Amino acid sequence: MSTLTYREAVARGMAQEMRRDDRVVFLGEDVAAAGGVFKATVGLLEEFGPARVRDTPISEQAILGAAMGAAMTGLRPIAEIMFSDFFAVCWDLVANEIAKSRYMSDGQVSFPLVIRSANGAGVRFGAQHSQSVENWAMAVPGLKVVAPSTPRDVVGLLAAAIRDPDPVLFFEQKSLYATKGEIEDGEIVEPLGVAKIVSGGDDATIVALAAMVPRAVAAANRLEAEHGIRCSVVDVRSLVPLDTATILSEVARTGRLFTVEENPRLCGWGAEIASIVAEEAYGSLRGPIVRITTPHVPLPAADALEDHMLPSVARIAETVRTSLEDA
Amino acid sequence: MTRSLNTPAELYGRMRLIREFEETALRLVKSGDIVGGIHPYIGEEAVAVGVCAALADDDLITSTHRGHGHVLAKGADPARMLAELAGRTTGLNAGRGGSMHAADVGLGILGANAIVGAAAPIAAGAAWASQRARSGRVVVTFFGDGGLNQGVLLETMNLASLWKLPVIFVCENNGYATTMPISTGLAGSAVARAQGFGIPGETVDGMDAVDIRSAAAAAVERARAGAGPSFLECLTYRFGPHHTMEQRIRLSYRPAEEVERWRLRDPLVIQAARITPQEREEADARAAAILAAAREFALASPHPDPADALDYLYASGMRGRGGEG
């Protein structure tokens, strides 16, 4: 066992897979010599050399296009888009090229590639470096979308994403980079599309993703300690594929669903889950489905404002408590 | 179909095949058998054929929205290509791609691409894989003069030059980006842009397949030697519309005398002058026969079954949600 930060887990997961498969290559801005602007890829250049770990110019379209072309012709690239907001600069490659080309070619080619990106708030960088955009990715057919909440899941889900035959957008939540976790030695691979029940309870189900998972767990602890309300918390881990079975069975058991989302409200991932639950588990619901999200605005830079925007432990706990009492 | 493109007669024959293909496709657009229309390549055949004549079978290409010529020049089966345009199961992509997305990866055709300029970085990525594997394969990316103004192309030229990738940038300058004359859309010059990235560039007569082949051969040699990318600007002209819809909505943006002037430099006529009348007649007859058979094949082929419309999105076999009902 060893204690690893979320950021160290990124390099560990990549190194694990690069040792195993020399088709795995890595490219992005400041990722090699500098080890990444979040220091998430330290040591990879030294271990695997400049032919496999490549710094690129600030050219997001060229980065993703190169990853795509390489994936079509025998490599298994990992591309880094430094901040997920920058997906807007290269969305054509994501949404029109990488996501569609397997289908358009009738399955002639596959795109075994991973696009890692630092997602979300927490570093006070303002609206163009802080948004959570996992819902953009979820809206595009042909992509898989993963967002881990713990260092162990970073290793295991990143490994699975790299081995996966399809393009995976892998969102690393910036506010989690410094968090720590115990990780066993040896190879770790976690299957994509399996949600994890991280705390048990019968009164309500809280479904959360990435940085919202520890907040949801803290809110659940507070609700139990202060009000005797016991919530199950589900870490979705992967939006595509989505583990609807776990979510539906938890909701069937508790009769209530709350989602906690860092993405802006409209068409956030929780809306899709709410729709699935409303269609497939309507009879189990004992009260409304409630979404707890960042409001539908760009994120402001000031810490007091940014903190106010994101679902906080207090807001989650209060929303769940009042909703259960009203029902 | 032979992929050999060596002799003057073979060059002519392949251009004739592309011309015949496009004329057949235009009739099928008119009859309603091809839905969605096409971007005809008529007038530009020398570019695709001249460039592909310089490539080996396992070299790779990416293509454009006006891609039928590139795909056929690289060796795709015209019958399966026509079936693709007509949306049939026997099409190159079984009808999932259509006119602007034909791909035949086994033949090195990584795909036509309907986003202007967007295939360039994909070609660079394939060239990176080739460089890493030391396979010697080169990758050609075709684009139009309109593509010169896409940032993605400039990003790609920079990266390809930095990494010395075996990629060849082929600009088909047909004078118009959809309806915009190049004089209103391009500052500076195409070749100077490439040179700005340290990529050697050359402007060639895009109506002369032999000239194009020589220039492309030099670029291929340079790429195989590890010396990096090259840029070719081929001055050409499309004799027809940007897209077949253009005729229906009666877009007008080119003087008739300009079109007529370019028609005098028909690339097929230029190449025909290098072969015997008998070779020409044989090639014409062969192309006509191939396309007659292709038409019959395409129109007799089944339409896709909606039951499998969700297949092939994910290699893992996962299906997109919502297709259950």
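Start in chain B, with helix α4 (residues 78-85) and helix α13 (residues 277-300). These two pack at an angle of about 45°, and their axes are 8 Å apart. A word on terms: helices are DSSP runs of H or I with at least four residues, strands are runs of E with at least two, and both are numbered from the N terminus. Axes are lines fitted to C-alpha atoms, for helices over the stretch in contact, and angles run from 0 to 180 degrees between N-to-C directions. α4(B) and α13(B) are therefore oblique to each other. Under 35 degrees counts as roughly parallel, over 145 as roughly antiparallel, 65 to 115 as roughly perpendicular, and the rest as oblique. The crossing of α4(B) and α13(B) is right-handed. That label applies if the near helix is turned clockwise from the far one by less than a right angle; anticlockwise is left-handed.

Who touches whom? On α4(B), the contact residues are B:Pro78, B:Ala79, B:Arg80, B:Leu82 and B:Ala83. α13(B) brings B:Ile290, B:Leu291, B:Ala294, B:Arg295, B:Phe297 and B:Ala298. Contact means heavy atoms within 4.5 Å. By class, there are nine nonpolar, no polar and two charged residues in the contact of α4(B) with α13(B). Ala, Val, Leu, Ile, Met, Phe, Trp, Tyr, Cys and Pro count as nonpolar, Asp, Glu, Lys and Arg as charged, and the others, Gly among them, as polar.

Before going on, the ground rules. This is a predicted model: local features need pLDDT of at least 70, side-chain atom pairs count only at pLDDT 80 or more, and totals for chains, interfaces and linings use all residues. Residues are numbered from 1 along each chain as its sequence is written, chains are lettered from A and ligands numbered from 1 in the order in which they are written, and side-chain values use heavy atoms, leaving out hydrogens and water.

Back to α13(B). Helix α1 (residues 8-30) of chain B also crosses α13(B), at roughly 40°, with the axes coming within 9 Å. That crossing is right-handed. Among the contact residues are B:Tyr12, B:Arg16 and B:Glu20 of α1(B), and B:Arg280, B:Asp284 and B:Arg295 of α13(B).

Now across the chains. 47 residues of chain A are in contact with 41 residues of chain B. Together the chains bury about 3,600 Å², 62% of it on carbon and sulfur atoms. Buried area is the accessible area (1.4 Å probe) that two parts lose on being put together, summed over both. In chain A, A:Tyr103, A:Met104 and A:Asp106 lose the most area to chain B, together 19% of what that side buries.

A:Asp106 has another feature. Its phi is near 60°, a positive value in a residue other than glycine. A:Asp106 is in the loop between α5 (101-104) and β5 (114-119) of chain A.

One helix pair spans the two chains: α3 (residues 60-72) of chain A and α5 (residues 119-133) of chain B. Their angle is about 55°, with axes 6 Å apart. α3(A) and α5(B) are therefore oblique to each other. α3(A) passes α5(B) in a right-handed crossing. The contact includes A:Gly65 and A:Gly69 of α3(A), and B:Gly125 and B:Trp128 of α5(B). By class, that contact has 10 nonpolar, four polar and no charged residues.

Last item: which peptide bond is cis? The one from A:Val240 to A:Pro241, with omega near -5°.
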